[in-house]
Amino acid sequence: MKPAAAHGLLLSSLCLALCCRGGARGSPTSSDSHEWKKLIMVHHWPVTVCKEVEKDCRDPPDYWTIHGLWPDRAEECNGSWPFHFEEIKDLLPEMKMYWPDVIHPLNHSHFWKHEWEKHGTCAAQLDALNSQKKYFGGSLGLYEKLELNSILQKLGIKPSINYYQISDIKDALASMYGVVPKVQCLPPKQGEEVQTIGQIELCFTKDLRLRNCTEPGELGESGRAWGLGLEVCEDGPAFYPPPPQSTR
């Protein structure tokens, strides 16, 4: 299948993934301070997350997991809409598998509460995401349809002790998705040669169509990770760290 055809099929699948999940609730009223233009589907590499926080982080998943679905430039849009675990209880198996709290693996709900209150209440301005079940279920649907793990495997981009060029990774992903992603890294620490890949972001318009994460003339964003020192990767070499040998 040609990239253009695959891109069109992907868009249709993504819209279907969001429309088919969850119950509804009235969307919060938006204000100027809570206006946003795009949704950012944020995948993070658990090995890098553990590398940064070090303690209390063992045997991270060896696949890319969800960090969040974030509207840009809007946070905490409805303080009167608290997180209720019961509303997503039937999503629990998928949540634990694909949206785990890598840093606190015994208390996933704290992470999900944070994501809902900071980002979900803003994403709920869209009818397709206007309940907790629809926000989390829709995010899972996008993750499954984007198939980042499979795409990277097909492109031959695998964790390795050898370095990758960031431009090669972005160009390869763009050839598959039809849009330019954003790749974030941990800057090299003392004694390290290169930056370490930590997140890959794919972005959507409000009508849930893939778009470039940064357009010409648009200000970029960096350091969006929750409690992590990630920055937009610099052009040049980067380390995509293999998982440590499992102790399970």
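Here are some numbered notes on the structure above, meant to be read with the model open.

1. **Ground rules.** This is a predicted model, where local features need pLDDT of at least 70, side-chain atom pairs count only at pLDDT 80 or more, and totals for chains, interfaces and linings use all residues. Residues are numbered from 1 along each chain as its sequence is written, and side-chain values use heavy atoms, with hydrogens and water left out.

2. **The overall picture.** You can find seven helices and eight strands in this protein. Both are DSSP runs numbered from the N terminus: helices are H or I with at least four residues, strands are E with at least two. Of the 248 residues, 49% are buried (under 20% relative accessible area; exposed is over 50% and partly exposed is in between, using a 1.4 Å probe and protein chains only). Now take contacts (heavy atoms within 4.5 Å) between residues at least 6 apart in sequence: 78% of them join residues at least 24 apart.

3. **A lysine tucked away.** Is Lys-38 buried or exposed? Lys-38 counts as buried because its relative accessible area is 2%. Look for it in the loop between helix 1 (3-19) and strand 1 (39-44).

4. Which backbone nitrogens does the side chain of Asp-72 reach? One belongs to Lys-37, at 2.9 Å, and another to Lys-38, also at 2.9 Å. Asp-72 sits in the loop between strand 2 and helix 3 and is buried, at 2% relative accessibility.

5. **Aromatic pairs.** How many aromatic pairs does a search of the whole structure find? It finds 13. Rings of Phe, Tyr and Trp (its six-membered ring) pair if their centres lie within 6.5 Å; planes under 30 degrees apart count as stacked, over 60 as edge-to-face and the rest as tilted. Take Trp-45 and Tyr-240: the ring centres are 5.1 Å apart and the planes are at 70 degrees, so this pair is edge-to-face. Trp-45 is in the loop between strand 1 and helix 2 (46-53), while Tyr-240 is in the segment after strand 8 (237-239), so the pair ties together parts that are 195 residues apart in sequence. Trp-45 and Tyr-240 are both buried.

6. Trp-81 and Trp-116 have ring centres 5.0 Å apart and planes at 85 degrees, so they are edge-to-face. This pair links distant parts of the chain, 35 residues apart: Trp-81 is in the loop between strand 2 (65-71) and helix 3 (92-98), and Trp-116 is in helix 4 (residues 108-123). Both of these tryptophans, Trp-81 and Trp-116, are buried. Ring pairs also link them into a cluster with Phe-83, Trp-99, Tyr-135 and Phe-136.

7. **Crossing helices.** How do helix 4 and helix 5 (residues 132-146) meet? Their axes come within 10 Å and cross at roughly 100 degrees. The axes are lines fitted to C-alpha atoms, for helices over the stretch in contact, and angles run from 0 to 180 degrees between N-to-C directions. Helix 4 and helix 5 are therefore roughly perpendicular (65 to 115 degrees; under 35 is roughly parallel, over 145 roughly antiparallel and the rest oblique). Among the residues making the contact are Trp-116 of helix 4 and Tyr-135 and Phe-136 of helix 5.

8. **Helix 2.** Pro-46, Val-47, Thr-48, Val-49 and Cys-50 are buried in helix 2. The buried residues of this helix pack against strand 1, strand 2, strand 4 (182-186) and strand 5.

9. Glu-76 is not a glycine, yet its phi is positive, about 50 degrees. Glu-76 counts as exposed, at 57% relative accessibility. Leu-208 has a positive phi too, near 65 degrees, but Leu-208 is buried, with a relative accessible area of 7%.

Methods: A polar contact is a pair of N or O atoms within 3.5 Å; within protein, one must be able to donate a hydrogen and the other to accept it, and residues adjacent in sequence count only if both atoms are side-chain atoms.
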